[in-house]
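Please open the model in your viewer and keep the selection panel at hand.

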Amino acid sequence: MRILVVEDYSPLRKAMVESLETAGYAVDAAADGEEGLWYAQNHDYDTIVLDIMLPKMNGLKVLEAIRSEGKGVPMIIISARDSVEHRIEGLDAGADDYLIKPFALKELLARVRTQMRKAYGKTATRLVVGDLEIDLPAKRVGRGDEEVKLTAREYSLLEYLALREGEVVSRQEIWDHVYNYYEDASSNAVDVYIGYLRKKLGSKDGATYIQTRRGQGYLLEYQQE
Amino acid sequence: MNFVSIRSRLVVWIGLMVTLILALGSYVIYVTARSTLYQEIDQNLESILVLQQLELEFVDGGIYHEWLHDIENDDARAKTTYIQVWNEVTGAVTRSPALEGMDLPHLFGSEIARYADVLLPGGHHGRVIGKQVFPVVEWHEQHVATSSVEHFDVPAHYMAIALDVEAAENAMRRLVGTLMLGLVFSLLVSFVTIRLIISFSFRPLERLGRVIVETNVNDPKAVLEVPHDLPSELRGLVSCYQELFARISLVRERERKFSANVAHELRTPLAGVEATLEQALVTERDARDYKQRIECAQDIVRKMGDLVNRLMWFSRLYNKSETVAMTPIDLALILDTRLAILRGRIAERDLRVETKIPSQSCLVATDETLISVLMNNLIGNAVAHADRGTEVRVALRSVDGVISIQISNACRTFEQTELEHIFEPFYRSDTARSLDEGHTGIGLALSQEIANLLGIELKIHFSEDSIFTVEIRFSENNDQFS
């Protein structure tokens, strides 16, 4: 899952980026409004975390510019402005959530997860595909009583596919949502990680979870042979 | 008279005026009535005198007091008629019995009638008329009564006639009593009426007072609800209050904005500290990693401390609670020191510094600490906001006894509206937060307060070729280039 962080205060930006990356997200970061808008206009994000007081371009203007392009990406405002008026202003401008500084990174992560679930039409925090269970808050994957150990990248890939369960997801979409702007992955990196994931999920009684649609992409669907 | 209450002042002063007018009116009434009454009495006396002088006769070379004869034959008149006649030649005096030997006043020997008040036997008040008269010469002595003493050798007499005016005096006393009663009653009615009128007149003011008290000055949208029937005299007062409310609202708004800005400026680095430490504790790390993260948090805290210190300074300066110790300070030395401190930052930003600072001392009487903070802020701002690779100019001059320092730097274009707000605390023209760069957003506001306290003029100027200049002008005759 890919997230954009737009925050000019570098210590906070670095901490948020690191925290999100640790949680398995692909993260891009921008230090001013113009840079943030460029990222948002040129890439698909699952969530954008946006400060208001930004150099070059105010956060609210960035938000309005993104919404005016018809992009429905979930956006979380992070701001030191805590008045009701400011919160209303941010939400009315098109934000999906408003987080007041200072905040715990755990809360930011929880809000990011919430926005992602909403964006993909999921209400439960546990996604079930066949006998596979994905615990979104704990970022754990289990099959029956067994825990499936995944790397952050593998988990991120599985989570994205699970959120879009039943849909064919193209390689480009996977790329856009799992890798950040600076990651120099080879063209078949998606296929490689799909292979790793298939291997770790294994098959029980001949059941498979990730289906290939030739020329289209991949589909997370529980199928028994 | 010094009254605390306007109402009491009005009641007393208007009451005194009414008292004076009523007293004067009563006095006029009294005097007029008395004058009219005594005019009647005097006319009556004059008539009696005319008649009674005819009763003084010159018969056979002697004086015959027929008037006395008439009185003595009339008991009623004998008790109430007061006449006294002096023979001006012989000095003989003839009195009516009612005088009981008492003398009436011999006013003076004149042919013109004169009047006087007397006290008659029995203590009654009397009115007396006196005039020089000549006895009437009977026909067998002379054909015509005449006043020519020399010709006929008739002795001149002086006749005084008094009337008992006790009844008239009693009437005057009753009139005085009536007038006094009327005066007291009128005053009472007047005082009550005046008080009622004043109270009634003050009602709109009291209503306005209640409206003012009930208006919440803390509410920025609050307006003074002026009563529709407010007298025109109070419109000016209302305008003053509305202006005052507008000023209060402006100050409150500034306070709110300032508080919000302070909270904002502190919350962001606080979020940075919290996030840095939280992230540090997410997983086990090696000592070096922990050290780096703690140092990062420490750096943020240090900058926050700097901001808090500046806020404290600003607060003390704003509330005029900072003490100023004026001593001779060398401005050239201060500028050199500040530039030396900023040398690293200047090099980092690839800036050139052009200075025009006299080699000799430039002494001014000012506060060393405050002037150092002021110069540090202004030169620091120029260095921080100058475009990379450009020039920062610092000049110290003395022209016509006025010392000035100009600090200039090339930077982005400023709009006039931005310049108008540039001295406001936390005003950011591009909404950028610069704490990350080591700036607090309060430097210029702090500088302005220092300048105000030290009596220094601080001016900014932005030229068409994008040169931002701050000019610091010291008061005249404060220079001592030596």
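Begin by selecting helix α6 (residues 235-281) and helix α7 (residues 287-318) of chain B, which pack at an angle of about 165 degrees with their axes 9 Å apart; helices are DSSP runs of H or I with at least four residues, strands runs of E with at least two, numbered from the N terminus. Axes are lines fitted to C-alpha atoms, for helices over the stretch in contact, and angles run from 0 to 180 degrees between N-to-C directions. α6(B) and α7(B) are therefore roughly antiparallel to each other, a term for angles over 145 degrees.

This is a predicted model, in which local features need pLDDT of at least 70 and side-chain atom pairs count only at pLDDT 80 or more, while totals for chains, interfaces and linings use all residues. Residues are numbered from 1 along each chain as its sequence is written, and chains are lettered from A and ligands numbered from 1 in the order in which they are written.

Next, display the residues where the two helices meet, including B:Leu266 and B:Val273 in α6(B) and B:Ile300 and B:Leu307 in α7(B).

Now move to A:Gly142, which is in strand β8 (residues 140-143) of chain A. With 15 C-beta neighbours inside 10 Å, A:Gly142 counts as partly exposed, a class lying between buried (20 or more other C-beta atoms within 10 Å) and exposed (12 or fewer), with C-beta atoms placed from the backbone.

Finally, select both chains: 22 residues of chain A are in contact with 22 residues of chain B, contact meaning C-beta atoms, placed from the backbone, within 7 Å. Helix α1 (residues 10-22) of chain A supplies the largest share of chain A's side, eight residues.

Technical notes
Angles under 35 degrees count as roughly parallel, over 145 as roughly antiparallel, 65 to 115 as roughly perpendicular and the rest as oblique.
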